[in-house]
Amino acid sequence: MLSSLAYLGFRSPNSDQWRTFAPDILGCMLGEDGEDGSVRVRIDDAEWRIQIHPGETDEVAYFGWAVSEEGMLPAFAERLRAAGLTVHTGDRGLAEKRSVDQLIWFEDPWAFRHEVVWGQVVEPSSFRPGRPVSGFVTGKQGLGHAVLLLPDVEAGHAFFTEVMGFRLSDKIARPDGTQSHFYHCNGRHHSLALAQVPGAVGLNHIMLQLHNIDDVGTALDLCRARGVPLRKELGRHTNDQMISFYLTTPSSFHLEYGFGALDVDDDWVPATYRRASTWGHKMTDDPAGRTPGILRRTEAVGA
Ligand SMILES: [Fe+2]
């Protein structure tokens, strides 16, 4: 029922650093600031896709998931209520802040706020990249993907498939026993992934996909020239076959910057992989790149 990842929101003491980081390194465009001084990051003709609000600590503020038809919002709300969740209807003011026509929102069992939206505001032919890149793969595939860290991936699997309606793309089951699960809701191999971290809840990284491998190469050069901490070197993933590298954003979480992921369709058959990468993706020695992302201990949220 969900059709794509429409937007992501964060709070960060370093929100202002995104004013140069997003256009100069990532090739994004800045939209108009939000009313609280938030930095709005554009990657296509949507009014914004990533919003960084000023805040005292780095936090995930919300996930915005699109549905493709207006009538699906009440149906999705019913589905959530049937699962025992408290569902709120966003008023006009909130819809305006999120640049959508309508939305509902709720908190999942790990206290992540999800907003389910319809009618994202777009301005045709308005996107101009912040540096010379060929552009981002969005459209029906949405903004990219997000990787959550949960204490129990199986509990996450049950919630995100049975309640949220995601479909499993595949799993990476490593020889050390750790598992990651990947989920799609459109042709993108995964819009959501879950990785297990005992005793903690968080967000490891988000991914933006470029149209051209040279966009990835020039970003890698820029990161090295400008001292942007890298988390993982260039490599190719086993499952979605994306060629990418991982950099650390000004707000604790990492960003996978990639090219060339395969698409999935209704005939897709999940597989299990033993490792995440066919080649590369070596963890860097940079201590700033080795943080796990935005993390909070589960005791704080009772999970
Ligand atoms: Fe990723």
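In the largest nonpolar core, which has 65 residues, F10, F160, L247 and Y257 touch the most other members. A nonpolar core is a set of buried Ala, Val, Leu, Ile, Met, Phe, Trp, Tyr and Cys residues joined through side-chain atoms within 4.5 Å. Buried means under 20% relative accessible area, exposed over 50%, and partly exposed in between (1.4 Å probe, protein chains only). Domain 1 (2–118) and domain 2 (139–301) both contribute residues to this core, so it lies between them. A second, separate core has 12 residues, among them A6, A95, L103 and W105.

The model is predicted: local features need pLDDT of at least 70, side-chain atom pairs count only at pLDDT 80 or more, and totals for chains, interfaces and linings use all residues. Residues are numbered from 1 along each chain as its sequence is written, and side-chain values use heavy atoms, with hydrogens and water left out.

The domain assignment gives domain 1 (2–118) and domain 2 (139–301). Such bounds come from an automatic or database domain assignment. The C-alpha centres of the two domains lie 19 Å apart. Domain 1 puts 38 residues into the contact, and domain 2 puts in 46 residues. Contact means heavy atoms within 4.5 Å.

An iron ion is held by three named residues: H145 (NE2), H205 (NE2) and E256 (OE) are its protein donors, at 1.9 to 2.2 Å. Donors are N, O and S atoms within 2.8 Å of the metal (3.2 Å for Na, K and Ca); water is not among the atoms, so sites may look incomplete. Along the sequence, the donor residues follow the spacing H-x59-H-x50-E. H145 belongs to strand β9 (residues 145–150) and H205 to strand β13 (residues 200–210), so the pair ties together parts that are 60 residues apart in sequence. Helices (H or I, at least four residues) and strands (E, at least two) are DSSP runs, numbered from the N terminus. Both H145 and H205 are buried.

Two phenylalanines were examined next. F63 is in strand β5 (residues 59–67). It counts as buried because its relative accessibility is 0%. Beyond residues up to four places away in sequence, F63 touches Y7, L8, F112, R113, H114, E115, A146, L148 and L203. F63 and W105 are 42 residues apart in sequence, yet their C-alpha atoms are 9.5 Å apart in space.

F106 sits in strand β7 (residues 102–107). F106 also has 0% relative accessibility, so it counts as buried.

Helix α2 (residues 72–82) packs against helix α4 (residues 153–163) at an angle of about 145°, with the axes 11 Å apart. Axes are lines fitted to C-alpha atoms, for helices over the stretch in contact, and angles run from 0 to 180 degrees between N-to-C directions. From α2 come F76, R79 and L80; from α4 come T161, E162 and V163. These residues divide into 3 nonpolar, 1 polar and 2 charged. Here Ala, Val, Leu, Ile, Met, Phe, Trp, Tyr, Cys and Pro count as nonpolar, Asp, Glu, Lys and Arg as charged, and the others, Gly among them, as polar.

D58 lies in the loop between β4 (50–54) and β5. Apart from neighbours within four places in sequence, D58 contacts R11, S12, P13, P250, S251, S252 and I294.
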